[in-house]
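Please find below a short note, arranged as numbered points, to be read alongside the sequence and the structure.

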Amino acid sequence: MKVTFPHMGTAYIAFRALVEGLGHEAVVPPFCTQKTLNLGTRYSPESACLPLKINIGNYLEAAELGAEAIIMAGGVGPCRFGFYAYVQQEILRDLGCGMEMVILEPPASGWRQLLARIKLLTEGVSPSQIARTLWLFWEKLVACDRLEQLSLTVRPYEIEKGSTTKALYRVYRAVDRANTVDMVRKAFRDGMAELHSVPQDRNRPVLTVGLVGEIYTILEPFVNFRLQEQLGEMGVVVRRNLWLSSWILDHLVLSAFRRRREAELLRWAKPYLHHFVGGHGLESVAHSVQLAHEGVDGIIHILPFTCMPEIVAQSILPSVSEDHQLPILTVVVDEHTGMAGIRTRLEAFIDLLAGKKAVFRRCGIEEAVSGAGWTAFAGK
Ligand code: SF4
């Protein structure tokens, strides 16, 4: 069977290994472009979330390459993600697109249904091969996350603009090519070394910005206008606590693990938010408070237009900003958002943070522009 899946950052690397390991042909859709977005917006309801529209574009482009089935994650809870895959299924059916949709929902929505769908994909594959494939999938997922994480701390210091990004894409290709766990581990070690060896000016003053928000907009560079790259090239270290590997662990694998993480998030989000609000709304609040305590200079909150959980977070973040004296910029994206507008807002925000930090320095305060530093400044 020719199987495809939607793009979400580097997820295609691990999903290609998963699909091929289970004996299918992986059809990776072309990377997201304006064509993908145009296709998605043409055939999706106008009020649907932006990620849903881009996924539709991915499927239609994969259909042109011969894809016969789609793997898509499902969800439970108060946001629209729970209906997402089913709405997509209906849209494709209306278009006469005969692709089968395999929706993998979290175990919370029923183990029996999840197992039946997994069986569809694993028919005739031995248990040992399934175990090897899942292991390879996981290694690739974690390797890509950790390599990206390192790139965020290298890029602001790079001497030649764009060199970290070029090295990172070379390293991703090596992880993608690896077809055993040992090969992935070697590609990962070499990749870490390659990123560390990017020529850097470590004396350059940099800012640190936390990135919170809806997971798809954080992970997919086409949708967030390559936000991390733009910030890095402006001399900003990006810190974030939301990664694809942790999302998969939370949503599709370990509910016990999820409960423990949720309790921790609630502790950080107190007193602003006391319960799960769907999507990553709780994470956005909790991570903002956590990042404020870690001393970041500012926070960027990114969300798709009309994203319900993030609108809840958006209404709370001004209180977090005030209590921690921490500038927070909210960036809302949809199909009408343009690169120039985002760039202008980022530059203005970074100027503000740099100006604030310079005032601190002149006053002899070395802490970042967060609670402790600001309180000391205000007291001078
Ligand atoms: S988290 Fe936001 S963007 Fe994602 S499905 Fe829910 S409402 Fe839509």
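This is a predicted model: local features need pLDDT of at least 70, side-chain atom pairs count only at pLDDT 80 or more; totals for chains, interfaces and linings use all residues.

Where is the place of Pro271? Pro271 is in the loop between helix H12 (255-269) and helix H13 (281-294).

1. Lys270 and Pro271 are joined by a cis peptide bond, for which omega is about 5°.

2. Positive phi at Phe225. Although Phe225 is not a glycine, its phi is positive, at about 55°. Phe225 belongs to the loop between helix H9 (215-219) and helix H10 (227-233). Is Phe225 buried or exposed? Phe225 has 20 other C-beta atoms within 10 Å, and 20 or more is the condition for a buried residue, so Phe225 is buried.

3. Positive phi at Thr306. Thr306, a residue other than glycine, also has a positive phi, near 70°. Thr306 is in the loop between strand E7 (298-304) and helix H14 (308-324). Because Thr306 has 14 C-beta neighbours inside 10 Å, it counts as partly exposed.

4. Helix H3 and its surroundings. H3 has 15 residues, and the distance from its first C-alpha to its last is 22 Å, close to the 21 Å expected at 1.5 Å a residue. Of these 15 residues, 14 are buried, so H3 is largely enclosed by the rest of the structure. Gly66, which follows H3, has a positive phi near 100°.

5. The packing of H2 on H3. Helix H2 (residues 34-43) and helix H3 (residues 50-64) have axes that come within 7 Å and cross at roughly 110°. H2 is therefore roughly perpendicular to H3. On the H2 side the contact includes Thr36, Leu37 and Tyr43, and on the H3 side it includes Lys53, Ile54 and Glu61. Sorted by class, the contact of H2 with H3 contains six nonpolar, five polar and two charged residues.

6. The packing of H1 on H6. What is the angle at which helix H1 (residues 11-21) and H6 pack? The angle is about 170°, and the axes of H1 and H6 are 8 Å apart. The two helices are therefore roughly antiparallel to each other. Ile13, Ala14, Ala17, Leu18 and Gly21 in H1 meet residues of H6, among them Arg132, Leu136, Phe137 and Leu141. This contact of H1 with H6 has eight nonpolar, three polar and two charged residues.

7. In soluble globular proteins, nonpolar side chains tend to be buried together. Here the largest nonpolar core has 99 residues, of which Ala14, Val175 and Val209 touch the most other members. Not counting residues up to four places away in sequence, Ala14 touches Phe137, Lys140, Leu141 and Cys144. Leu141 is in helix H6 (residues 127-154), and it counts as buried because it has 26 C-beta neighbours inside 10 Å. With its neighbours within four places in sequence left aside, Leu141 is in contact with Ala14, Leu244, Ser245 and Ile248.

8. Helix H15. The 24 residues of helix H15 (residues 339-362) should span 34 Å at 1.5 Å a residue, which agrees with the 34 Å between its end C-alpha atoms. Which residues are buried in H15? They are Leu346, Phe349, Ile350, Leu353, Lys357 and Phe360.

Definitions and conventions: Residues are numbered from 1 along each chain as its sequence is written. Axes are lines fitted to C-alpha atoms, for helices over the stretch in contact, and angles run from 0 to 180 degrees between N-to-C directions. Helices (H or I, at least four residues) and strands (E, at least two) are DSSP runs, numbered from the N terminus. Angles under 35 degrees count as roughly parallel, over 145 as roughly antiparallel, 65 to 115 as roughly perpendicular and the rest as oblique. Two residues are in contact if their C-beta atoms, placed from the backbone, lie within 7 Å. Ala, Val, Leu, Ile, Met, Phe, Trp, Tyr, Cys and Pro count as nonpolar, Asp, Glu, Lys and Arg as charged, and the others, Gly among them, as polar. A nonpolar core is a set of buried Ala, Val, Leu, Ile, Met, Phe, Trp, Tyr and Cys residues joined through C-beta atoms within 7 Å. A residue is buried if 20 or more other C-beta atoms lie within 10 Å of its own, exposed if 12 or fewer, and partly exposed in between; C-beta atoms are placed from the backbone. The expected span of a helix is 1.5 Å times one less than its number of residues.
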